[in-house]
Amino acid sequence: MLIADLSYLEQITDKKTILGGNSVLDITANASATGDNSYTLTETDVILKNKSKKTMAKGKGTALAIGEDPYASVGVYYAGFDRVKVKTKSKEKDNYAFTVVKAKAK
């Protein structure tokens with residue numbers, strides 16, 4: 001097939017700056033315990049918002065383990081943000097362990 005008139009096509013040889021990016025905030029929570037009366041709880045929540053060409057994020061992760069050999073861990077992964085604040089609270093004893101992480105990213 002031969003097309004004779006291509007004048008309606010746009011020229012794309014000009015250099016143009018493309019602004020953009022990908023901002024990610026991910027929170028994972030893990031908890032484990034053994035024994036007859038063991039109990040585990042994990043909860044994560046992440047909210048991403050775009051405000052005036054800027055992405056902001058808030059996240060929280062909680063891990064709780066009650067029983068024998070308790071283990072509670074929360075991990076935070078982030079990319080594409082200029083400022084990130086992470087607060088961690090953690091405690092472990094013989095029969096319980098918990099970790100709470102709060103993150104704010106701009």
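This briefing covers the sheet, the nonpolar core and a surface patch. The model is predicted: local features need pLDDT of at least 70, side-chain atom pairs count only at pLDDT 80 or more, and totals for chains, interfaces and linings use all residues. Residues are numbered from 1 along each chain as its sequence is written, and side-chain values use heavy atoms, with hydrogens and water left out.

**Sheet**
- An open sheet is built from four strands in the order S1-S2-S4-S3, with antiparallel pairing.
- S1 and S3 (84-92) are the edge strands; each has a single partner strand, so one side of each lacks a neighbour in the sheet.
- Strands (E, at least two residues) are DSSP runs, numbered from the N terminus.
- Two strands pair if DSSP finds at least two bridges between them.
- S2 (residues 54-79) and S4 (residues 96-105) run antiparallel and are joined by 10 bridges.
- Leu 64 stands opposite Phe 98 in S4.

**Nonpolar core**
- The largest nonpolar core holds seven residues: Ile 27, Ala 29, Ala 63, Ala 72, Val 74, Ala 97 and Val 101.
- Such a core is a set of buried Ala, Val, Leu, Ile, Met, Phe, Trp, Tyr and Cys residues joined through side-chain atoms within 4.5 Å.
- Buried means under 20% relative accessible area, exposed over 50%, partly exposed in between (1.4 Å probe, protein chains only).
- S1, S2 and S4 each give two or more residues to this core.
- S2 gives the most, with three residues.

**Surface patch**
- Tyr 39, Leu 41 and Ile 66 form a nonpolar surface patch, with about 250 Å² of accessible area together.
- Patch residues have over 30% relative accessible area and no salt bridge; nonpolar side chains (Val, Leu, Ile, Met, Phe, Trp, Tyr) are joined within 5 Å.
- A salt bridge is a side-chain nitrogen of Lys or Arg within 4 Å of a carboxyl oxygen of Asp or Glu.
- Accessible areas come from the Shrake-Rupley method with a 1.4 Å probe.
- Leu 41 lies in S1 (residues 24-51).
- Leu 41 is partly exposed, at a relative accessible area of 32%.

Key: Patches are made of residues with over 30% relative accessible area and no salt bridge: like charges are joined within 9 Å, nonpolar side chains (Val, Leu, Ile, Met, Phe, Trp, Tyr) within 5 Å.
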